[in-house]
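Let's walk through this protein together, starting with its overall layout and ending with one of its helices. Keep the 3D view open as you read.

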Amino acid sequence: MRAVVCVELGPPEKLVVEEREAPGAAPGSVVVEVRACGLNFVDVLMIQGLYQIRPEPPFVPGTEIAGVIESLGEGVEGFSVGDAVMGMSGFSAWSERVAVAAGSLYRLPEKLGFERAAGFIQSYCTGLFALRNRAELSAGETVLVLGAAGGVGLAAIDLAKSMGARVIAAASTEAKRKACLEQGADAVIDYANEDLKTRAKELSGGGVDVVYDPVGGDYAEPALRSLVPGGRHLVIGFAAGEIPRVPLNLVLLKQCQVVGVNWGGWSSRHPDGNRELLSTLLQLFEAGKINPLAPRSWPFSEAAPALRGLMDRRIVGKAVLVPG
Ligand SMILES: NC(=O)c1ccc[n+]([C@@H]2O[C@H](COP(=O)([O-])OP(=O)(O)OC[C@H]3O[C@@H](n4cnc5c(N)ncnc54)[C@H](OP(=O)(O)O)[C@@H]3O)[C@@H](O)[C@H]2O)c1
């Protein structure tokens, strides 16, 4: 079978597509024939050795898959060969076949489809964990989403709208802002050219209740300054590269909260909580309350340009890889 392999840490151009031995189904696990796998900013960090978890090369990157069960290991119940499933794969997703613990798989809702499912779990679990569990977002509140046309940004728009919030989306290009509006944002800000704090205050009528920040860099402080007194600034990630330093007097004066969000760490410590999170998300999808936009897909042979597009901020919306 073919797989995308990180043979040495470094830029995406060092990735290779290799023939590898197909995995077998150990007891309690299944082998999934992969139809699509998620491509996340986390993978960009991982292949460069810049993420908090650092697998030793050679390794197959990627953590999310959607596909069809090809074989079942001993003791697996509740699944059959041929079932369409989605799940987190550990590191190994970017392969034609992946062995996954049956307990970490979910039935794929038919109308979600393989490509949308492959980009769903990380973005939407992070969004629900952040907005519901960490910020306790209420209907009628206003959320400012940064990097809003990226994977976690679009999911945050979709989820915040489903929770009855008003959403202001900040993104750097016209095409990205169009995607945010298509996902349901009420208003958009061109934060590459407009003053983020001023525009967010204008559009929210005085200040936003929650900031959803997967970008960091120079945008974090003006975003925090746009909060109402008592607001919450969700620290999701640092796609801009720079980890911002925010003057703590702002936190004191506004009596706001700076709230850390580490879905990956939380989900490994709370597997039951994570199952509830994902089950809730799938129910929201089945009920038509959330609707992820279709991702753009690249074949395995174009993993490097796809990752380079994420690094260079050129990709609008979610990205996935498909075998080929
Ligand atoms: N805390 C958690 O539990 C958790 C979970 C998942 C992901 N994350 C983090 O969330 C962040 C976003 O992930 P993602 O998968 O949504 O990434 P993505 O799809 O690449 O989106 C990131 C967005 O950040 C913006 N950005 C601003 N400066 C950038 C730069 N220098 N390089 C790249 N992007 C830049 C871009 O939008 P504009 O061009 O519009 O600015 C881009 O669309 C990552 O840092 C990731 O590690 C955190």
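The protein is divided into domain 1 (2-120 + 292-322) and domain 2 (123-263), with bounds that come from an automatic or database domain assignment. The C-alpha centres of domain 1 and domain 2 lie 28 Å apart. Their contact takes 10 residues from domain 1 and 14 residues from domain 2; two residues are in contact if their C-beta atoms, placed from the backbone, lie within 7 Å. The side of domain 1 that touches domain 2 has 5 nonpolar, 3 polar and 2 charged residues. Here Ala, Val, Leu, Ile, Met, Phe, Trp, Tyr, Cys and Pro count as nonpolar, Asp, Glu, Lys and Arg as charged, and the others, Gly among them, as polar.

Before going further, a word on the model. It is a predicted one, in which local features need pLDDT of at least 70 and side-chain atom pairs count only at pLDDT 80 or more, while totals for chains, interfaces and linings use all residues. Residues are numbered from 1 along each chain as its sequence is written.

Now, where does the ligand lie? Both domain 1 and domain 2 give residues to the shell around the ligand, so it lies between them. The ligand is surrounded by 28 residues, the closest being Phe-41, Gly-147, Gly-150, Gly-237 and Trp-263; a residue is near the ligand if its C-beta atom, placed from the backbone, lies within 6 Å of it. By class, the shell divides into 14 nonpolar, 12 polar and 2 charged residues. Helix H1 (41-47), H3, H4 and helix H9 (263-269) each supply at least two residues of this shell; helices (H or I, at least four residues) and strands (E, at least two) are DSSP runs, numbered from the N terminus.

Which helix gives the largest share of the shell? That is H4, with 3 residues. H4 covers residues 151-162 and reaches 17 Å from its first C-alpha to its last, close to the 16 Å expected (1.5 Å times one less than its number of residues). Of its 12 residues, 11 are buried, meaning that 20 or more other C-beta atoms, placed from the backbone, lie within 10 Å of their own. Among the buried ones are Gly-151, Leu-154 and Ile-157. Their cover includes helix H3 (121-134), strand S9 (166-171) and helix H10 (271-286). Just after H4, Gly-164 takes a positive phi of about 85°.

H3 is mostly covered too, with 12 of its 14 residues buried, including Tyr-124, Phe-129 and Arg-134. Just after H3, Glu-136 takes a positive phi of about 50°.
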